[in-house]
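Please look through the sequence and the model below before reading on.

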Amino acid sequence: MNSLLKFRRPLSPSITSLSLQRLSTTLHYVFEEKKEGTSFIHPTAIVHPNAVIGQGVSVGPLCTIGPSAKLGNGCQMHPSSHIFGNTKLGSHCVLMTGAVVGDDLPGRTVIGCNNIIGHHAVVGIKCQDMKYKVIGDNNLIMGSCHIAHDCKIGNNNIFANSSLLAGHVIVEDYVHTGGATVVHQFCHIGSFSFIGGGSVVSQDVPKYMMVSGDRAELRGLNFEGLRRCGFQVTEIKSLRTAYRKIFMPSNTNSMGFDERLSEVEHNEDLGSVPAVCSMLRSIRDSFTENRRGICKFRQWSSS
């Protein structure tokens, strides 16, 4: 018992204070204000001499940069983040602590500008299919996310913590996923859509729509997201009318799903609204060859 108590004895205040002071000094030294165009690489970082490092890059303690990596201007690598393989990082990207991007495999990982890769998030590592991965600009990929092989990610997307994308998933622009979202391989997530936290998405999510559940079902339009992105009130009203005609018909026995789509397409008022046309095209494309169809509406008829 005495030895156990001795083992549990806390560190002396002087040792604890010294450790915190060293950590604070190190982090401040790495990410402090630098003169324009200058870069900083911490002495404990491992950077291959063949790596291409842009101007104004900060590389923190215990980071690793492989021989084929290319970092754009102004990138930041927080402690213990790593870049491997044929990986290209656009300007002003941030890798938080523990993030891993790329692997020493055939193919490459391409990430655009102004992206944030969260704590312990993994992008482009070894998988069953070693091909390409493309991520656009201004994306926020939070902690513990996984984006698998052959995914294509557009711009201005937010992936909340522990969002998991299987292979060949396509995510367009301004998509927001809730935490612990899982997306099945080959699914297509349309622009301005929202996926509720904990959802399992096994089919396409059309543009502007909101889904949730296991398996995810359509829950309506992403009104809040549309408003935040500057859609006009008239556009949102037209989208709502079109959605109701397609997925919430007053008489479900009168027409089949394809007929309801055609009716909206030929509607004199709705058919002339670009946002409505874009939504209709997104739905139509999901039923083309090699696509998985769209998430079902929970009151959708079997037609």
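Which side chain does the side chain of Gln203 join in a polar contact of 3.3 Å? The partner is Lys296, where a polar contact is a pair of N or O atoms within 3.5 Å, and within protein one must be able to donate a hydrogen and the other to accept it, while residues adjacent in sequence count only if both atoms are side-chain atoms. This is a predicted model, in which local features need pLDDT of at least 70 and side-chain atom pairs count only at pLDDT 80 or more, whereas totals for chains, interfaces and linings use all residues. Residues are numbered from 1 along each chain as its sequence is written, and side-chain values use heavy atoms, with hydrogens and water left out.

The side chain of Gln203 also reaches the backbone oxygen of Arg292, at 3.0 Å. Gln203 has 18% relative accessibility and therefore counts as buried (under 20% relative accessible area, with a 1.4 Å probe and protein chains only).

Turning to the rings, a search of the whole structure finds nine aromatic pairs, meaning rings of Phe, Tyr and Trp (its six-membered ring) whose centres lie within 6.5 Å, with planes under 30 degrees apart counted as stacked, over 60 as edge-to-face and the rest as tilted. Phe192 and Tyr208 have ring centres 5.9 Å apart and planes at 25°, so this pair is stacked. Phe192 counts as buried because its relative accessibility is 15%, and Tyr208 counts as buried at 5%. Phe247 and Phe297 belong to one aromatic cluster, together with Tyr243, Phe257 and Phe287.

Terms used: Buried means under 20% relative accessible area, exposed over 50%, partly exposed in between (1.4 Å probe, protein chains only).
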